[in-house]
Amino acid sequence: MSESSLDDLFRNNRHWAERAKSKDPHFFEKLAAQQSPEFLWIGCSDSRVPANQIIGLLPGEVFVHRNVANMVVHTDFNCLTVLQYAVEILQVKHVIVVGHYNCGGVRAAYYNEDNGMIDNWLRNIKDVQHLHREQIEELDSDGERMDLLCELNVKKQVANVCHTTIAQRAWARGQSLEVHGWIYSLADGLLRDLGCSVSKVEQITDVYRVVHRLG
Ligand code: CO
């Protein structure tokens with residue numbers, strides 16, 4: 001991979017803006033006026049998993065939150081703020097948690113090593129690992145085990161989205177909102193649906209149901 005200087009980045013940016021305008025002369029005017037994305041993507045910060053490119057969407061079409069290992073943590077005001085804005089103001093129809101195989105965050109959580117401050121963040125993955133340790137330990141190789149942990153982590157984060165009052169208030173209002181869990185393969189560039197979509201409060205374990213439909 002060739003090295004880019006900062007000057008290259010500005011040059012790339014000018015070319016990109018010119019190309020976008022040549023395809024649609026009003027592209028930036030329309031975007032400046034409003035955004036109306038239908039999707040919120042919650043993904044990993046990994047530079048190899050860029051939201052817009054992977055799903056072929058233009059600026060304005062997907063609202064994005066990324067952090068190490070695509071986590072939805074209930075004390076993380078950053079993620080919750082993005083979620084609330086996306087659901088209540090932008091009224092996105094789909095929240096998609098997108099994990100990926102070979103995730104450095106999941107790998108760091110999987111091995112018993114001291115990584116410093118980040119271990120506090122990765123502790124959430126350790127909890128998933130602990131909860132599903134029997135299923136994980138059945139697999140033969142570390143690679144297979146980490147792949148499974150990547151998938152289980154996505155499913156856990158989907159549940160965490162659903163357990164927020166943000167999602168549950170949307171459902172109580174009758175707003176259409178689906179939460180999905182996908183996983184991306186760096187090896188072939190393809191996304192796979194993990195089949196854990198949730199579209200109503202009745203799909204959630206009752207312990208976590210905190211907002212109820214009125215009447
Ligand atoms: Co990652």
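The structure is a predicted model, in which local features need pLDDT of at least 70 and side-chain atom pairs count only at pLDDT 80 or more, while totals for chains, interfaces and linings use all residues. Residues are numbered from 1 along each chain as its sequence is written, and side-chain values use heavy atoms, with hydrogens and water left out.

**The cobalt site**

- The cobalt ion is coordinated by Cys 44 through SG, His 100 through NE2 and Cys 103 through SG, at 2.1 to 2.3 Å; donors are N, O and S atoms within 2.8 Å of the metal (3.2 Å for Na, K and Ca), and sites may look incomplete because water is not among the atoms.
- Along the chain, the donors of the cobalt ion follow the spacing C-x55-H-x2-C.
- Cys 44 lies in strand β1 (residues 39-44) and Cys 103 in the loop between β3 (94-100) and α5, so the pair ties together parts that are 59 residues apart in sequence; helices (H or I, at least four residues) and strands (E, at least two) are DSSP runs, numbered from the N terminus.
- Both Cys 44 and Cys 103 are buried, where buried means under 20% relative accessible area, exposed over 50% and partly exposed in between (1.4 Å probe, protein chains only).

**Helix α6**

- Helix α6 (residues 118-131) has 14 residues and reaches 21 Å from its first C-alpha to its last, close to the 20 Å expected at 1.5 Å a residue, the expected span being 1.5 Å times one less than the number of residues.
- A kink of about 35° in α6 is centred on Asn 124; the bend at a residue is the angle between axes fitted to the seven residues ending there and the seven starting there.
- Leu 122, Ile 125, Val 128 and Gln 129 are buried in α6, and the buried residues of this helix pack against α5 (104-110), α7 (133-137) and α8 (142-162), with contact meaning heavy atoms within 4.5 Å.

**Aromatic pairs**

- The structure holds four aromatic pairs; rings of Phe, Tyr and Trp (its six-membered ring) pair if their centres lie within 6.5 Å, and planes under 30 degrees apart count as stacked, over 60 as edge-to-face and the rest as tilted.
- Trp 16 and Phe 28 form an edge-to-face pair, 5.6 Å centre to centre with 70° between the planes, and this pair links Trp 16 in helix α1 (residues 6-23) with Phe 28 in helix α2 (residues 27-33), 12 residues apart.
- Trp 16 counts as partly exposed because its relative accessibility is 37%.
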